Amino acid sequence: MTRLNPDRLFPADPATRTVARALYDAVRDLPLVCPHGHTDPAWWGTDPAFADAAQLFVTPDHYVVRMLVSQGVTFEELGIGPGAEKDARKVWRSFAERYHLFLATPSRLWIDHALQEVLGIVEPLGGDTADAIFDQIGDKLAQPEYRPRALYDRFGIEVIATTDSALDDLAHHRAAAAEWHGRVVPTYRPDAVVDPDFEGFTDNLATLADLTGCDTGSWEGYLDAHRVRRAEFARHGATATDHGHPTARTADLSPEDAAALYATVRQGKATPAEAETFRAQTLTEMARMSCEDGLVMQLHAGSRRNHSDTVFRRYGRDRGFDIPTPTNWVDALHPLLNAVGMDPRLRLILFTLDESVYARELAPLAGAYPSLRLGPPWWFHDSFEGMRRFREAVTETAGFWNTAGFNDDTRALMSIPARHDVARRCDCAYLADLVTTHRLTEAQAHQVAPLLARDLAKEAYNL
Amino acid sequence: MTRLNPDRLFPADPATRTVARALYDAVRDLPLVCPHGHTDPAWWGTDPAFADAAQLFVTPDHYVVRMLVSQGVTFEELGIGPGAEKDARKVWRSFAERYHLFLATPSRLWIDHALQEVLGIVEPLGGDTADAIFDQIGDKLAQPEYRPRALYDRFGIEVIATTDSALDDLAHHRAAAAEWHGRVVPTYRPDAVVDPDFEGFTDNLATLADLTGCDTGSWEGYLDAHRVRRAEFARHGATATDHGHPTARTADLSPEDAAALYATVRQGKATPAEAETFRAQTLTEMARMSCEDGLVMQLHAGSRRNHSDTVFRRYGRDRGFDIPTPTNWVDALHPLLNAVGMDPRLRLILFTLDESVYARELAPLAGAYPSLRLGPPWWFHDSFEGMRRFREAVTETAGFWNTAGFNDDTRALMSIPARHDVARRCDCAYLADLVTTHRLTEAQAHQVAPLLARDLAKEAYNL
Amino acid sequence: MTRLNPDRLFPADPATRTVARALYDAVRDLPLVCPHGHTDPAWWGTDPAFADAAQLFVTPDHYVVRMLVSQGVTFEELGIGPGAEKDARKVWRSFAERYHLFLATPSRLWIDHALQEVLGIVEPLGGDTADAIFDQIGDKLAQPEYRPRALYDRFGIEVIATTDSALDDLAHHRAAAAEWHGRVVPTYRPDAVVDPDFEGFTDNLATLADLTGCDTGSWEGYLDAHRVRRAEFARHGATATDHGHPTARTADLSPEDAAALYATVRQGKATPAEAETFRAQTLTEMARMSCEDGLVMQLHAGSRRNHSDTVFRRYGRDRGFDIPTPTNWVDALHPLLNAVGMDPRLRLILFTLDESVYARELAPLAGAYPSLRLGPPWWFHDSFEGMRRFREAVTETAGFWNTAGFNDDTRALMSIPARHDVARRCDCAYLADLVTTHRLTEAQAHQVAPLLARDLAKEAYNL
């Protein structure tokens, strides 16, 4: 492995680099606040050992899978789908032999960091070292220090949120809380019961009724069922909800129209346009509930999921074939913001995959509405250049305090320190550039750096 | 206050900074040409004293108001709306205590500059110094050197344009011209009589008839009324018109269709689509009149005004809730450009809030049509990063001569020197980068710098 | 002429510049691979002398013409249209006197390079030197060393592709191959027989039938005719096809629907929507044929051709009035990619004029589908800033191996070395920045640099 350089991601200009180093030294060891992500609750509830290098770094990582597929590797060779390669070592080799494909990508930065800093691997990864490193990783994973709860402590995590179906029983969260000191909180993610296109939507409504004792046969009962579940999540420590929609569209129908739309949707008879309106309406309802119960609302919008029908049919979801689309936020959010956007009790954090909206739409919206905060660069943009573009596009209009700090958004536990480290380095590099060009004093930059590294995330999510 | 650093906004690289300094030294003291802005004509016509620090820097500044509101300050605390705080000192304190919110924003750069360079304040602004600075500012404002006409001279303004309703009587311009040596020229802004959605549109047409003696009951009479008013503006020194439209759409209907549309619009019966087509048609008519009378035409397009209905109803216009939208220029301008875009008598200056069109649409259009020039980065983009993105996106396709120099576009008199200074610094920083990377020689950069600082604006606006 | 600086386009930071120089030194003299461009096949087939400086640098160059027209020069003065200036020296003067308009544009960089490096001109070009330089160029062009085949050798071209109508007889390619050692290959460009809006479309179908012996009266016969012609191009060395469409839209109709649509289109009765669907359908058919015959497919989408009707009617095509438009790739490519996007035999190279899609759409698509590669920055974006934006937006998501190297895409033979040199400098500057910020090691950068300079282009186009 290429040794990680201690100055990585810092500006080339020597004077600016000196400032960046000093800023980074002051924030590098701050605890990690992880208010949004996709770690498996079972890790925290049962603290299992990880299986092997392929399961840790290749097969479940859609960033890694898609890049290898884009260069001609089959899903099967990566352990996915009918006829999948069952030998984890072979899967790992398919990856290691092509590790050059990841040069200059965030995936390589994260994996290099995990291999070196977390697992103590020092050889460069490649076809020739694949087997030896596979074995070294296997040895580590068998040790108790590499189980999830030990890593939580070693990584200096202060709090971590998972993302959980509205129908989840939260048993792993209860187990973790009962047995262990770590702070793992759920996040209310109601796709299964707000998206008419979700698999089993109608059955899910029945399950929701069972779980809550509410009559999901009526619009009012349906909304009550959400209230009951949100309260249950909050009792388990949740401070936030999360909503992943194809567009940012919101609606604010009259109660009668909403009830009528729900009746149609509930019977599985919604047209695509009605399904979209229903999703839009639920966002506004969720915002109203946030005003009542104080849960922070997150909206992740703008991904066209499963672009390849072939890949979806054969290999399923989350295989790297979700592609961003142009996303209009100004018109889309208007109904919701008109309803509750000026309410001081609402906090709504926005995430986009369309960078052209940073300066044009999101910064002006967040720089006006008291309810809005901007989430950090998301998914494809969670990278050096992506973070730079975000800060450069957003700061002059929205300032620092209308941003919501960093979150790692990851399913890959080993990558958590790497991701926070990249974000802290990038933010310090950006601040250092402001200092050298006299847009901030060094003292001001030292005030802002810990906000970006930790404090804004804690504050934005009420953690 | 943080002392302004003499090297602010210059590139970090020492060699490049040296070039930037030399370029800036050559243009920093050039007179200020202000061909577009929103200073109050009454300032020039009656030369009043400004009231207090809050009226000068807070309440009327939508950049400042929106940022404070976005962080939970109420409009009332800022002196706006029913129940507004009447104590200017308290309003000022609400701002001063939160001055950190503006770190790394252009507003802070402008206000720091005005406080230090114009008003001679040296303490850092904050909650603890709010009262003392409020008093110091008050003392200054009582002195004759801080009245508008004195500031015009002190700032080194060569000419300044105001923006005036087509229905304005231009009395303040006459008074200024009669009593004083400053050059203050009006700009013909006909929103009130070209936008069917403007408050009192029908009444405005009647007023237009009264003012001009033309029969605004007919399409031809309506066009004649514009001609009469434009000539009156020109007699008062106007060299330009200005058009602020939600989109850049233009139309070129047959005279019969235009007359029929006008008949509908005049009676207040236009659908939203007809209103849009009418605005589109008037742009083409204005372009035709520019060919006749030589007034330079400006188009500012792409803002969704008053995004929050709540804020608009309670607090009115220009409160920081105007949000940019995606703007298509290529299709939108096609009718107008096809009608008169190749006419050597037309000059049309374009302003966008959608930066994605710089390289894709505006630079290719301005780099082809002889009638087009590109206005400087507008509104949210009138900033360090905004100016850099503009030059980097536009120059390679449109060159320097298809841009229209800088204009400050401000309602805030105190900020005028700061804004020109920022633009001059940014342009010199950009040119210095071209020199260090050998895309220009230093001699060429010295030829271009004064064009960007003053000459292109004078030439583009026929001043 | 301003002497070209040996460090031009390299980063300002001294340490980064040193890395860039070393990278560039290793690739500057690699042979030129030119897999896409618009040189005239007659140059290669008949090796004529070029006429004069105006014909070489002004009249046929739409970059040069549009800039001069945008600043008030008439087409006639540039030797174009009815009443065109016939004196080449006068045309040259009109250009030379206004050479400052091109400061900081790629055109100036290319022309400076051609004048100095290819033609040995050392005086600065301007009004005062116009005549002398016109004569010097004329003297050179009369010498055999300045004929196309000699320049091919002198430039170090390894292979060059032309772009040829599907109806072309390829006689020049046969002549070149028979008489000369250079490798000049055709590219199958079927606009004339796939675009119902193309001049003479119906007649072209008849010509296609004559050329191939296929019955273009039926959909199946029409597809067979393409197959025959593609095979003929391949026999002449072609490895690729090229498709220039107003949008990236593709379709995948049933054979019956496609046949019915073809029947409508063939009779010249297609509506604009049907014409668009037909173009969309042919793209998918071409992709299927690429799976069969191995020709690499190129798609250049997103230009609104001939924006000014006036200019088009009077002066014709390719006069600098083609303007980019917003281009959606995610939805547009879905039908084609669903049909054959996962087929390992397909290679499809994408070119856009809408930079906002780089990070949002194209990099995610190319970083997933094995069939896709990203072409280099095209047309308006074939420039220092354009190349930087491309690499910064694309690399983190798609890596290096999903890009297709450089191509010069030019009609201007003299500019070929300049264009490759700019690309090599820009890529080395980008790589050097990755090295200094420790995103690549210097050794890794040295592995990547020759890929970007030559090898990826050879590999992507099967050359």
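Mentor: Contact here means heavy atoms within 4.5 Å. The model is predicted, so that local features need pLDDT of at least 70 and side-chain atom pairs count only at pLDDT 80 or more, while totals for chains, interfaces and linings use all residues. Residues are numbered from 1 along each chain as its sequence is written, chains are lettered from A in the order in which they are written, and side-chain values use heavy atoms, with hydrogens and water left out.

Trainee: How many residues of chain C are in contact with chain B?

Mentor: On the side of chain C there are 48 residues, which meet 40 residues of chain B.

Trainee: What area do chain C and chain B bury between them?

Mentor: Buried area is the accessible area (1.4 Å probe) that two parts lose on being put together, summed over both. For chain C and chain B the value is about 3,600 Å², with 56% of it on carbon and sulfur atoms. Within chain C, the residues that lose the most area to chain B are C:L103, C:A104 and C:H307, together 17% of what that side buries.

Trainee: How many salt bridges are there between chain C and chain B?

Mentor: A salt bridge is a side-chain nitrogen of Lys or Arg within 4 Å of a carboxyl oxygen of Asp or Glu. Between chain C and chain B the count is four, and C:D354 forms a salt bridge with B:R360 at 2.9 Å, N to O.

Trainee: And which side chains meet in a salt bridge at 2.6 Å?

Mentor: Those of A:D331 and B:R304 do, N to O, and the interface of chain B and chain A has four salt bridges by the rule.
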